[in-house]
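Please examine the sequence and the three-dimensional structure shown below.

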Amino acid sequence: MDSTAIDRFDTSRFEASRNRLASLAYRLLGSAADAEDAVQDTFLHWQAADRQRIKVPEAWLTKVATNLCLDKLRSAQARRERTAGAWLPEPLLDGDPMLGPADTYEQRETVSLAVLTLMERLSPAERAVYVLREAFSYSHAEIAEILDVTESASQQHLHRARHRITTARRGGGELDPQSARKIVEEFLAAASSGRTERLVALLTDGATAISDGAGLTQKLLRYDTPERIAAIARAGFKSTPAKQRLAGGVSEVHFALVNGAPAILFVPDGKVVGAVTFDVTDGKIATVRGIAAPTRLVRLTEAWRQHEPGAPLITEW
């Protein structure tokens with residue numbers, strides 16, 4: 001086999017792992033753009049390596065990608081971004097290959113916006129062990145090899161990560177698409193009704209709302225009482241000429257599933273300019289997240305344009 005044929009063969013071996021590596025990197029970094037960068041850097045390492053000496057390419061690529069992500073999480077820039085109170089995970093439309101694997105509830109949970117947010121409380125090593133074990137079913141022996149730690153250390157990291165996430169996880173569980181859509185429709189109807197009590201009735205007593213302020217604020221905006229959330233929702237969902245100008249035109253408002261959760265998308269001319277997602281507990285909304293920073297909606301817009309949406313909930317907003 002000549003060198004050109006070898007390069008093509010080795011490239012095909014990498015491409016066979018690309019989606020899995022992207023899914024791993026997204027879970028570790030919470031950003032599709034950063035995940036794509038990590039995968040590309042992994043490819044560069046693969047090209048530079050003595051590939052003939054790599055016995056198990058999948059294991060080698062997983063180790064390189066994981067450690068590149070850990071380097072990113074430990075970097076001074078990432079620490080500044082993530083501790084400044086202005087970070088939310090990047091939302092992805094259900095069906096995006098970056099959300100896989102999704103065969104089990106545990107795997108799907110690791111890409112929920114709720115768990116991606118909670119993973120910010122973990123150390124980089126705890127986050128890596130949690131993802132490798134819960135989402136990809138690696139054994140502790142394999143994780144120890146990937147992270148250059150002992151099996152005992154891997155087990156301890158997993159125990160701490162599970163405890164922290166389980167303790168802080170509010171609600172959870174999965175909704176069928178029909179129930180998810182009903183929650184969204186009820187929220188929209190209540191928000192446009194002008195009656196705060198209708199919105200409050202949809203929220204849990206400890207409900208929280210978080211917004212990135214369309215990327216215009218330096219810190220996330222947080223609201224921690226049902227009454228305050230209801231007031232903000234009523235104001236936020238009221239269409240005005242100023243909001244239409246900011247959105248780039250009149251929007252359609254669509255129901256969607258984003259990271260496995262019910263969501264409202266604001267879409268003028270095929271471009272997603274805002275996503276509001278909901279965590280639901282026992283039929284009530286426990287967390288509302290508003291994401292409108294343009295850099296966080298690039299991949300979601302690309303997926304939406306390849307998607308065949310149903311009729312909008314609101315045709316002109």
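Ser 23 is placed in helix H2 (residues 18-29); helices (H or I, at least four residues) and strands (E, at least two) are DSSP runs, numbered from the N terminus. At 2% relative accessibility, Ser 23 counts as buried, a term that means under 20% relative accessible area, with exposed meaning over 50% and partly exposed in between (1.4 Å probe, protein chains only). Not counting residues up to four places away in sequence, Ser 23 touches Pro 97, Met 98, Leu 99, Gly 100 and Phe 136, where contact means heavy atoms within 4.5 Å.

The model is predicted, so that local features need pLDDT of at least 70 and side-chain atom pairs count only at pLDDT 80 or more, while totals for chains, interfaces and linings use all residues. Residues are numbered from 1 along each chain as its sequence is written, and side-chain values use heavy atoms, with hydrogens and water left out.

## Loops between helices

The peptide bond from Gly 100 to Pro 101 is cis, with omega near -5°. Pro 101 belongs to the loop between helix H5 (76-83) and helix H6 (105-109).

Ile 54 is found in the loop between helix H3 (32-48) and helix H4 (57-74). With a relative accessible area of 12%, Ile 54 is buried. Apart from residues up to four places away in sequence, Ile 54 touches Trp 46, Ala 49 and Trp 60.

Another loop, between helix H8 (124-134) and helix H9 (140-147), holds Ser 137. This serine, Ser 137, has a positive phi of about 60° although it is not a glycine. At 54% relative accessibility, Ser 137 counts as exposed.

## The sheet

Six strands form an open sheet with mixed pairing, in the order S2-S1-S6-S5-S4-S3; two strands pair if DSSP finds at least two bridges between them. S2 and strand S3 (252-258) stand at the edges with a single partner strand each, so one side of each is left without a neighbour in the sheet. The twist averages 15° from one strand to the next; axes are lines fitted to C-alpha atoms, for helices over the stretch in contact, and angles run from 0 to 180 degrees between N-to-C directions.

S1 and S2 pair in the antiparallel sense over three bridges, and Ala 209 has Tyr 223 in S2 as its bridge partner. Helix H13 packs on the sheet, touching S1 and S2, and its direction makes about 50° with that of S1. Helix H11 (residues 177-193) lies across S3, strand S4 (261-267), S5 and S6, and runs at about 140° to S3.

S3 and S4 run antiparallel and are joined by seven bridges. Ala 256 stands opposite Ala 263 in S4. Five of the seven residues of S3 are buried, so this strand is largely enclosed by the rest of the structure.

The two strands S3 and S4 form a hairpin with two residues between them. Asn 259 in the turn has a positive phi of about 50°, although it is not a glycine. At 5% relative accessibility, Asn 259 counts as buried.

## Trp 304

Trp 304 has its place in helix H15 and counts as buried at 6% relative accessibility. Leaving aside its neighbours within four places in sequence, Trp 304 is in contact with Leu 93, His 254, Phe 255, Ala 256, Leu 265, Val 267, Gly 270, Val 272 and Pro 309. The C-alpha atoms of Trp 304 and Val 267 are separated by 9.3 Å, and the two residues are 37 residues apart along the chain.

## The largest pocket

The largest pocket has a volume of about 1,000 Å³. A pocket is defined on a 1 Å grid over the protein atoms alone, as an open set of points where a 1.4 Å probe fits, with protein on both sides within 12 Å along at least five of seven lines; lining residues have an atom within 4 Å of a point. Grid points are joined across faces, edges and corners, and a volume is the space filled by probe spheres set on the points.

Of the 36 residues that line the largest pocket, Ser 211, Ala 214, Val 273, Gly 274 and Ala 292 are the closest to its centre. At least two lining residues come from each of strand S1 (203-211), strand S2 (221-223), helix H13 (226-236), helix H14 (241-247), strand S5 (274-281), strand S6 (284-291) and helix H15 (298-305). By class, the lining has 25 nonpolar, six polar and five charged residues; Ala, Val, Leu, Ile, Met, Phe, Trp, Tyr, Cys and Pro count as nonpolar, Asp, Glu, Lys and Arg as charged, and the others, Gly among them, as polar.
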